[in-house]
Amino acid sequence: MANTKYLVEMKGLHKSYAGGVKPVLQGLDISMCPGDRVVVIGPSGGGKSTLLRVLMGLEDIDKGQLLFQGKNYITTDKYGKTVIDKEIRRNIGMVFQHYTLFPHLNILQNLTLAPIKVRGESKQSAELRARGLLTRFGLEAKEKAYPAHLSGGQKQRVAIARALMLDPKLMLFDEVTSALDPELVAEVEQVIMHLAEQAMPMVIVTHDMHFAKNIASRVIFCAGGVVVEDGPPEQVLGRPKEARTREFIQRVFHIGETEGVGRELSI
Amino acid sequence: MELDFSVIFDYKAALLFGLLLTLKLTAICVVLGCALGFLVAIARSSKNKILYGVSTVYVALFRGTPVLIQLFWMFFCLPLVLGIELSNLTCGVIALTLYMAAITSETFRASFSFVSKEQHDAGIALGLTYRVHTLYVLLPQAMLRAAPTLLSNCTSLFKESALVSAVGMADLMFVSQNISNRTGHPVELLTAAAVIYFVIAFPITRAVTALERKILHTMAI
Amino acid sequence: MNYQFDLFFIANGLWPLLKGLVVTLELTVAANIIGLTLGFVIALLVMNPNPILRWPFTLFIEFFRCTPALVQIVWFFYCIPIIFDVYIDALTMGILAIGLNLAAFNAEAYRAAIQGVQSNQYDATVALGLSPFQRTVYVVLPQAFRSALPVLVANGIGAFQQTALVAIVALQDLMYMGKILATDTYRPIEVFTVIALIYFAISFPISQLVEYIERRRKAENS
């Protein structure tokens with residue numbers, strides 16, 4: 001019987017672009033428990049988005065293994081080609097930075113396309129569930145509108161609802177508020193918080209440290225394609241063990257050396 | 001110079017007959033041309049070297065030569081090459097269809113590359129199969145995007161159809177030239193022909209602009 | 001297929017076509033000169049706020065764009081002498097007909113290019129204190145020409161191919177000479193194929209060059 005203690009296990013993940021010239025992930029080993037809300041932080045190009053994309057099965061890997069609920073999800077075959085179990089991939093949902101709603105369909109159709117066409121759900125059932133989700137997110141009035149007429153915050157909330165329609169067991173959020181105007185960020189983060197309260201396991205990549213602090217049960221600082229530090233938010237964000245982590249946190253929170261070396265961040 | 005516009009009304013039946021042939025020819029070639037053009041666009045986007053090569057040469061040839069020579073070639077040379085007799089109408093249809101397919105293939109090809117990679121990622125994240133993604137996400141957007149340009153391609157074809165008069169087909173142009181020769185009233189009849197073409201083509205070009213605006217407004221495509 | 005393809009004929013019998021090619025090129029160059037200059041003037045008139053200037057030229061553009069080129073050429077050849085009671089030689093009439101047609105399409109190209117630049121740059125030029133005249137001459141026009149260039153060249157090539165139509169009114173261009181030759185010698189396949197290739201050999205390199213320049217420009221800008 002498969003070991004289902006962990007939700008996701010990543011072992012020895014290696015990935016590079018341009019045939020090995022540009023390494024992006026260099027030997028990641030991460031295990032995620034069912035209740036985890038993991039926030040991945042780090043500098044640009046450090047591998048955080050790539051990590052998420054690999055998890056979603058959007059990218060090939062060079063070496064390594066991913067297990068989902070103890071079963072083989074992503075591996076490489078003897079020729080080095082990536083093999084992805086598409087059935088397992090269906091259990092994971094992802095929301096991207098740039099909305100990616102389908103512009104030619106209205107909101108309701110955006111939500112119901114995948115359930116109807118891929119899962120064979122009936123139109124009535126899918127629409128009922130879709131309306132329920134839209135109401136939960138306060139968007140029921142927009143069901144017949146087209147994405148072009150929604151604000152950025154509304155579009156992202158619809159994108160989240162669309163992913164939820166497929167009952168994912170894990171949700172991935174890739175910098176979903178980075179492209180939004182500041183006043184629209186809160187409504188999206190509220191929705192994610194709401195999901196967290198309903199015990200949805202999630203991996204979030206974000207620049208918003210305050211949000212990270214509020215939602216994370218675990219923070220991973222990823223730089224140069226490796227995990228530099230991995231622990232509870234109070235530690236990684238408040239009292240980082242590693243110097244590199246500390247340097248990054250200080251930069252992000254705009255705390256300079258002149259304000260006192262070794263000053264502790266209040267959490 | 002004396003102008004006698006009543007000539008137009010005397011011959012209105014003949015002019016109407018010519019117009020009907022023009023419209024019929026345009027309609028047939030639009031349908032066949034779009035269908036073939038779509039297939040050619042797919043060939044032009046494929047990785048298969050032979051498909052890509054043949055379709056690229058075809059499109060380059062038909063866009064890089066006068067439509068008149070294409071028509072003459074189909075009319076004078078094709079029967080000889082194939083060794084069978086071809087009616088005027090067949091030659092005209094073949095020539096105009098091949099021309100229409102060449103220009104619409106470019107329109108379709110441009111619209112294919114339009115749907116962003118990010119939507120492709122979203123499709124995977126939603127578990128959409130290749131078939132569903134192509135049929136329900138990619139193609140509808142490509143068609144909507146292509147629609148205004150396609151309509152404008154149709155107008156071009158409508159105008160090029162006048163060339164069949166040069167190979168003796170009794171379209172609007174041929175009929176009006178014929179009548180004007182017979183009655184000695186070129187100004188009235190040729191102007192009438194021009195006006196008829198205009199009255200049909202102009203609203204379509206306006207519709208193209210309106211359609212583009214509507215699509216952009218509703219869907220930001 | 002019973003037709004005997006005659007390569008010897010291609011090598012030696014096609015010299016009459018050369019005379020026709022000269023006429024075709026004359027038509028093309030002259031029509032392009034008219035099309036590029038007149039087209040620009042018309043574009044400016046069409047963008048003028050005064051409706052009395054705007055409407056006639058808008059109508060001019062629409063008429064040339066919404067009627068077949070063949071109809072325009074035939075109309076020119078048969079009706080202008082009658083209406084204005086003048087005699088104009090065939091070559092000049094051909095140049096005028098194709099030139100005016102080209103001017104209409106080029107006017108649209110210029111207009112789109114100028115309006116495309118204007119909306120972006122207006123605020124910056126006001127902030128810099130440039131006068132409207134300076135803005136037009138130093139900022140708008142140079143950029144407009146650069147962005148209109150591909151369309152203008154494409155239109156020019158289109159005009160080159162359109163010159164073939166003058167064969168129908170018996171102006172002795174490449175196409176006309178070809179048709180005579182093909183019917184006189186009963187060798188339509190060789191003649192028409194070579195003619196098509198001549199048109200192609202002139203159009204294709206120019207259009208490829210423009211596409212290449214465009215691709216380079218896009219790569220530099222992004």
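In the predicted model, Ile92(A) has Leu170(A) of β8(A) as its bridge partner. The two strands concerned, β7(A) and β8(A), are joined by four bridges and run parallel; β8(A) spans residues 170-174. Helix α5(A) packs on the sheet, where it touches both β7 and β8 of chain A. The direction of α5(A) makes about 170° with that of β7(A).

The sheet to which these strands belong is open and consists of six strands of chain A, in the order β7-β8-β9-β3-β10-β11. Its pairing is mixed. β7 and β11 (226-231) of chain A lie at the edges; each has a single partner strand, so one side of each is left without a neighbour in the sheet. Averaged over the sheet and with direction ignored, neighbouring strands are turned by 20° against each other.

Elements of this part of chain A also take part in the contact with chain B. That contact draws 22 residues from chain A and 20 residues from chain B. On the side of chain A that touches chain B, at least two residues each come from β7 (92-95), α3 (107-117) and α5 (152-164) of chain A. The largest share, three residues, is supplied by α3(A). By class, the residues of the side of chain A that touches chain B comprise 13 nonpolar, five polar and four charged.

Chain B contains nine helices and zero strands, and its pattern along the sequence is accordingly written α-α-α-α-α-α-α-α-α. Taken along the principal axes, the box filled by the C-alpha atoms of chain B is roughly 75 × 50 × 25 Å. Of its 221 residues, 47% count as buried. Among contacts in chain B between residues at least 6 apart in sequence, 78% join residues at least 24 apart.

Within chain B, helices α7(B) and α9(B) pack against each other. Their axes come within 9 Å and cross at roughly 170°; the two helices are therefore roughly antiparallel. On α7(B), the contact is made by Leu144(B), Ala147(B), Pro148(B), Leu151(B), Ser152(B), Thr155(B), Phe158(B) and Lys159(B). On α9(B), the residues making the contact include Tyr197(B), Ile200(B), Ala201(B), Ile204(B), Val208(B), Leu211(B), Glu212(B), Ile215(B) and Met219(B). Divided by class, the contact of α7(B) with α9(B) has 14 nonpolar, three polar and two charged residues.

Of the two pairs of chains in contact, chains B and C share the most contacts. This contact takes 32 residues from chain B and 33 residues from chain C. The residues of the side of chain B that touches chain C divide into 25 nonpolar, five polar and two charged. Chain A and chain C, by contrast, do not touch, and their nearest C-alpha atoms are 19 Å apart.

Note on methods. Residues are numbered from 1 along each chain as its sequence is written. Chains are lettered from A and ligands numbered from 1 in the order in which they are written. This is a predicted model: local features need pLDDT of at least 70, side-chain atom pairs count only at pLDDT 80 or more; totals for chains, interfaces and linings use all residues. Two residues are in contact if their C-beta atoms, placed from the backbone, lie within 7 Å. Ala, Val, Leu, Ile, Met, Phe, Trp, Tyr, Cys and Pro count as nonpolar, Asp, Glu, Lys and Arg as charged, and the others, Gly among them, as polar. Axes are lines fitted to C-alpha atoms, for helices over the stretch in contact, and angles run from 0 to 180 degrees between N-to-C directions. Angles under 35 degrees count as roughly parallel, over 145 as roughly antiparallel, 65 to 115 as roughly perpendicular and the rest as oblique. Two strands pair if DSSP finds at least two bridges between them. A residue is buried if 20 or more other C-beta atoms lie within 10 Å of its own, exposed if 12 or fewer, and partly exposed in between; C-beta atoms are placed from the backbone.
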